[in-house]
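Here are some notes for a first look at this structure. Please keep the sequence and the model open while reading.

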Amino acid sequence: MNEAKKYLGRPYGLDEPRELTCDRLVLYAYKATNIDVPRLTTNQEKLGVEVSLNNLQKGDLIFWRDNGVTYHVAIYVGDNQYIHAPDYGQNVQINSINPYFKPSFARRILPTDNGKEPNNNGQKTGEQYIHRLYNMNEGQHYYTGALFEAQSLKKVGWSYEGVGWVAPTTGSNVYRVYNPNSGEHLYTSSAFEKDSIVKAGWKYEGVSWHSGGKLPVYRLFNPKATGKQESHHYTLNTYERDNLVRSGWKSDGVAWNALRYAQN
């Protein structure tokens, strides 16, 4: 944000850095944090992870119009405000989010670490915490019921996002398979799906946790995923599910069930 604010008053245009367009402002600001972002909003909208417009953090990118056809981007600076390069004839400025020019969605490409170390505090007998982590460089989430694995990933730079849900220690199996080409993990309660994916070249990594309880865990599919981009996402949060669907993800329904949320 401090880097972006250095360009306040700079006119909109293509003669950079004397002039800046909205995507170039983002490029220059993030370059100061050693994060390289591509030009064009339609490329920048693929970075990081989708976040709710009601839960923005400083440094989040906010976009106007739907995925794939965005025409404007800005950097959220807090207090319901954002910095951006508006259009020809205008300068880089700070404006407030308002219903007359409301952004469509937001992406977080800075680390989403909640500042906590993975822990099992509050875990009860018969329960297993499923920890959720995020790799900003690969744009992928990872879920594990093994505390040691979560702690190890945190040490090597993954962002810890807390406990995604609480699973039972007994019940139907949820399997983990790994794609050696993209680096993505997929989790499924279907033995048939697991076997089919393994036949297609994925690696079977065993049972990750169990399904049981009354709370549905939803699975979503990103039809636009390419390369190492995350193609599946799992969440207990209906708001997060609906937000992803609005941004173009496809709902795969209920993947398995969980016991409860965790407040750790």
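1. Start with the second largest pocket, whose volume is about 540 Å³. K46, L47, G48, R107 and Q229 are the closest to its centre, out of 31 lining residues. Bear in mind that this is a predicted model.

2. Next, look at the lining of the second largest pocket. By class it has 13 polar, 9 charged and 9 nonpolar residues. Strand 1 (49-51) supplies at least two residues of this lining, and so does helix 6 (238-246).

3. The largest nonpolar core has 27 residues. Those that touch the most other members are Y143, W165, Y187, W209, V217, Y234 and W256. Several elements each supply at least two residues of this core, including strand 7 (127-135), strand 8 (140-144), helix 4 (147-155) and strand 10 (172-178). Strand 9 gives the largest share, 5 residues.

4. A second core is separate and has 22 residues. Among them are Y7, L20, I35 and V73.

5. Y234 deserves a look of its own. Leaving out residues up to four places away in sequence, Y234 touches R132, Y143, W165, H185, L186, Y187, V217, Y218, R219 and W256. Y143, W165, Y187, V217 and W256 are also listed among the core residues that touch the most other members.

6. Finally, check G253, which lies in strand 15 (residues 250-258). The cut-off for buried is under 20%, and exposed means over 50%.

7. Which residues does G253 contact, beyond its neighbours within four places in sequence? They are V217, Y218 and R219. Y234 touches V217, Y218 and R219 too. G253 and F221 are 32 residues apart in sequence, and their C-alpha atoms are 9.9 Å apart in space.

Note on methods:
Residues are numbered from 1 along each chain as its sequence is written. This is a predicted model: local features need pLDDT of at least 70, side-chain atom pairs count only at pLDDT 80 or more; totals for chains, interfaces and linings use all residues. Side-chain values use heavy atoms; hydrogens and water are left out. Helices (H or I, at least four residues) and strands (E, at least two) are DSSP runs, numbered from the N terminus. Contact means heavy atoms within 4.5 Å. On a 1 Å grid over the protein atoms alone, a cavity is a set of points where a 1.4 Å probe fits but cannot get out, and a pocket is an open set with protein on both sides within 12 Å along at least five of seven lines; lining residues have an atom within 4 Å of a point. Grid points are joined across faces, edges and corners, and a volume is the space filled by probe spheres set on the points. Ala, Val, Leu, Ile, Met, Phe, Trp, Tyr, Cys and Pro count as nonpolar, Asp, Glu, Lys and Arg as charged, and the others, Gly among them, as polar. A nonpolar core is a set of buried Ala, Val, Leu, Ile, Met, Phe, Trp, Tyr and Cys residues joined through side-chain atoms within 4.5 Å. Buried means under 20% relative accessible area, exposed over 50%, partly exposed in between (1.4 Å probe, protein chains only).
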